[in-house]
Amino acid sequence: MSERRTGKEKSWRLCRKKPQTLDDDSGEDEPRNGNENVTLELKAKLPKTADKSSTYDLVVIGGGSGGLAAAKEAVELGAKVAVLDFVTPSPQGTKWGLGGTCVNVGCIPKKLMHQAALLGEAVHEAVAYGWQLPDPNTVQNDWSALTNAVQSHVKSVNWVTRVELRNKKVEYLNALGYFKDANTVVGVGKNGEEKLLSAKNIIIAVGGRPRYPDIPGALEYGITSDDIFSLDRAPGKTLIVGAGYIGLECAGFLNGLGYDTTILVRSVVLRGFDQQMANIVAEEMEQRGVHFVYQAKPKAIEKQDDGRLLVHWVDRDGALHQDAYDTVLFAIGRRALTQELKPENVGLKLIPDTGKIDALNEQTNIPNIYAVGDVLHKKPELTPVAIHAGRLLARRLFGGSHEKMDYTNVATTVFSPLEYGCVGLSEEDAIALHGDDNIEVYHAYYKPTEFFVPQKNVKHCYVKVVALRKDDQKVIGMHFVGPHAGEVIQGFAAAIKCNLTFRALKSTVGIHPTTAEEFTRISITKRSGLDPTPQSCCS
Ligand code: FAD
Ligand code: NAP
């Protein structure tokens with residue numbers, strides 16, 4: 001795969017040689033592509049950050065999804081709040097601005113790259129719908145143009161976030177925080193200068209960073225999701241290690257953008273998800289050209305004389321294999337950033353191995369220290385979860401509220417090429433919890449109307465409803481593989497919160513022709529053994 005880059009094009013990482021005029025910040029939050037005037041105007045207006053020592057009602061360590069949500073809610077409720085946010089560069093040197101994982105190296109750039117891949121697919125479909133295009137097989141994506149567009153958006157979000165904090169009067173420090181004692185946080189700026197912040201309450205919202213396997217060459221030659229969205233060269237032939245959310249999503253968009261992509265799967269795909277659905281997602285990806293190597297573990301990476309990476313891996317029988325790649329991306333889970341907080345200074349308890357925090361109602365073992373977001377033990381690592389928990393916590397601390405975060409029935413979507421959205425229990429978890437005899441599983445394959453004209457593969461468009469068998473059959477799980485899965489499943493998540501029953505689902509009139517209506521048409525139980533494939537689009 002050619003790199004398709006010109007000498008003029010640089011990644012944003014290489015372009016950041018701006019004077020550091022914004023308070024203590026690195027200057028990385030400045031928008032690009034046409035927003036420079038706004039930047040200059042706002043620079044003049046931004047206040048200086050905290051004095052050498054200040055006292056607050058709330059200090060938040062970590063300016064990502066959860067921390068910012070808590071901070072903004074708390075100031076609205078009259079609290080004096082400071083937020084510290086600091087990004088340590090990845091082993092490959094990648095850094096980013098304010099806003100945390102989701103905005104910079106997570107949900108947002110991921111969704112944009114997913115969209116880029118879907119558009120490549122749409123080019124082919126458009127021809128079937130009569131669009132006069134050059135031979136779609138000659139159409140290529142320009143990686144440099146894509147990363148520039150993605151980073152431009154990310155930078156503008158960094159800036160808007162910064163301005164929002166200023167407007168709401170949340171004090172922001174671009175500093176790495178650690179505990180001095182239970183009421184004092186030390187913020188270490190980029191230049192090593194330390195500031196003391198005293199606080200009645202402290203929220204830990206430091207999130208996590210990608211893990212690397214302990215194998216030769218991993219840190220030196222591998223990249224992670226921290227690097228891929230601003231990679232200053234086209235990825236080329238790519239090996240992805242890990243078959244969770246990030247592994248599948250990155251493999252999906254890289255394959256869709258035209259790069260030869262292989263996933264090394266240690267055990268199963270999407271462990272923890274409904275395995276029937278996970279296998280459907282993997283089969284569809286395989287059919288689109290992603291290679292899967294199952295039950296395999298990486299052993300070493302070496303750089304060849306030609307600059308490519310020779311990866312050695314071992315299969316389930318212990319046999320060794322090797323192949324050369326341009327890029328190796330690790331997506332093997334994330335490590336909580338809690339050691340950097342010097343937890344020993346306050347006696348903060350961490351879960352051994354993971355470093356996560358087990359906090360009942362977001363309160364740690366230190367009564368005035370709280371935690372939200374990815375840093376929490378056994379809670380979904382999702383942006384809306386961090387935001388919701390952060391807001392509710394701030395309301396309890398400063399607004400007299402008693403409302404607690406409900407971590408059950410959180411809907412989620414894997415943005416694989418054919419997306420998978422779900423809420424509630426998987427079929428296997430439902431059986432484990434209630435017993436096979438007490439649950440009913442309804443399922444159906446379906447044919448999205450818009451797939452007919454371009455003759456797209458409908459084999460993997462599938463829905464499943466898991467319900468209790470008794471009474472009106474309370475729905476305890478809903479699963480959807482198909483286009484716009486997140487949009488489809490979001491409304492049903494609200495219905496499940498309202499104790500949706502299968503009877504109510506069946507009495508809901510669908511919207512035709514949509515894919516979401518398949519949930520209202522579903523009637524075949526797995527138990528019946530009847531064929532769940534549709535006879536026509538409207539049957
Ligand atoms: P973060 O957003 O990670 O923020 C923590 C911040 O604290 C960071 O800026 C960090 O640098 C900073 N920090 C850490 N330590 C310190 C310290 N000591 N002092 C100061 N600052 C510190 N979720 C979804 O819901 N949907 C998706 O589609 C989705 N896609 C994702 C794709 C990828 C590739 C990844 C990696 C994640 C994705 N997620 C998605 C998960 C989502 O990004 C996280 O759940 C969310 O960002 C967690 O928010 P948080 O506030 O806990 O932490
Ligand atoms: P993950 O979902 O936990 O998946 C990790 C994968 O890496 C698993 O397949 C695991 O295999 C494998 N693995 C672990 N250690 C390994 C090793 N040493 N060698 C080889 N393979 C190894 O983690 P993730 O994909 O990094 O995602 C992290 C979190 O981000 C997710 O939990 C999710 O909440 C969030 N996220 C959400 C979205 C979304 O909402 N769409 C998208 C991306 C990320 P095993 O199954 O064998 O353990």
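Which residues lie on one side of strand 2 (residues 81-84), and which on the other?

1. **Strand 2.** Please keep in mind throughout that this is a predicted model. To answer the opening question, Val-81 and Val-83 are on one side of strand 2, while Ala-82 and Leu-84 are on the other. All four are buried, and both faces of the strand are covered. Strand 2 runs parallel to strand 3 (residues 171-173), and 3 bridges join the two. If you want a place to look, Ala-82 stands opposite Glu-171 in strand 3.

2. **The overall picture.** The protein has 16 helices and 22 strands. Of its 539 residues, 52% count as buried.

3. **Helix 5 against helix 9.** Helix 5 (residues 107-128) packs on helix 9 (residues 245-256) at an angle of about 35 degrees, and their axes are 8 Å apart. The crossing of these two helices is left-handed. On the helix 5 side you will find Lys-110, Met-113, His-114 and Ala-117, which meet Glu-249, Phe-253 and Gly-256 of helix 9. Sorted by class, this contact has 3 nonpolar, 2 polar and 2 charged residues.

4. An open sheet of 5 strands is worth a look: the order is 18-19-22-21-20, and the pairing is antiparallel. Strand 18 (412-414) and strand 20 (439-445) are the edge strands, each pairing on one side only. Direction ignored, neighbouring strands of the sheet are turned by 10 degrees against each other on average.

5. **Inside that sheet, and across it.** Strand 21 (residues 462-468) and strand 22 (residues 475-481) are antiparallel partners, paired over 6 bridges. One pair to pick out is Val-465 with its bridge partner in strand 22, Met-478. Helix 12 (residues 427-434) lies across strand 20, strand 21 and strand 22. Relative to strand 20, helix 12 runs at about 165 degrees.

6. **Salt bridges between separate elements.** A search of the whole structure gives 22 salt bridges. In one of them, the side chains of Lys-72 and Glu-164 meet at 3.2 Å, N to O. Lys-72 belongs to helix 3 (residues 65-76) and Glu-164 to helix 6 (residues 143-168), so this pair ties together parts that are 92 residues apart in sequence. Glu-164 counts as partly exposed because its relative accessibility is 30%.

7. **A buried pair.** Arg-396 and Glu-362 also form a salt bridge, with the closest N and O atoms 2.7 Å apart. Arg-396 is in helix 11 (residues 383-398), whereas Glu-362 is in the loop between strand 16 (334-336) and strand 17 (369-371), so parts that are 34 residues apart in sequence are tied together. Both Arg-396 and Glu-362 are buried.

8. **A salt-bridge network.** Which residues does the network link? They are Glu-121, Glu-125, Glu-284, Arg-288 and Lys-456. Within this group, Glu-284 forms a salt bridge with Arg-288, and their closest N and O atoms are 2.6 Å apart. Glu-284 counts as buried because its relative accessibility is 4%. Arg-288, at 28% relative accessibility, counts as partly exposed.

9. **Backbone points to check by eye.** Asp-353 has a positive phi of about 80 degrees although it is not a glycine. You will find Asp-353 in the loop between strand 16 and strand 17, and with a relative accessible area of 85% it is exposed. Asn-499, also not a glycine, has a positive phi of about 65 degrees. This residue sits in the loop between helix 14 (485-497) and helix 15, and Asn-499 is partly exposed, with a relative accessible area of 47%.

10. **A cis peptide bond.** Where is Pro-513 found? Pro-513 is in the loop between helix 15 (502-506) and helix 16 (518-521). The peptide bond from His-512 to Pro-513 is cis, with omega near -5 degrees.

Technical notes. Residues numbered from 1 in each chain as written. Chains lettered and ligands numbered in written order. Predicted model: local features only at pLDDT ≥ 70, side-chain atom pairs only at ≥ 80, totals over all residues. Heavy atoms only, no water. Axes fitted to C-alpha atoms, helices over the stretch in contact; angles between N-to-C directions. Left-handed = near helix turned anticlockwise from the far one by under 90°. Contact = heavy atoms within 4.5 Å. Nonpolar A, V, L, I, M, F, W, Y, C, P; charged D, E, K, R; others polar. Pairing = 2+ DSSP bridges. Salt bridge = Lys/Arg side-chain N within 4 Å of Asp/Glu carboxyl O. Buried < 20%, exposed > 50% of the residue type's maximum accessible area, 1.4 Å probe, protein only.
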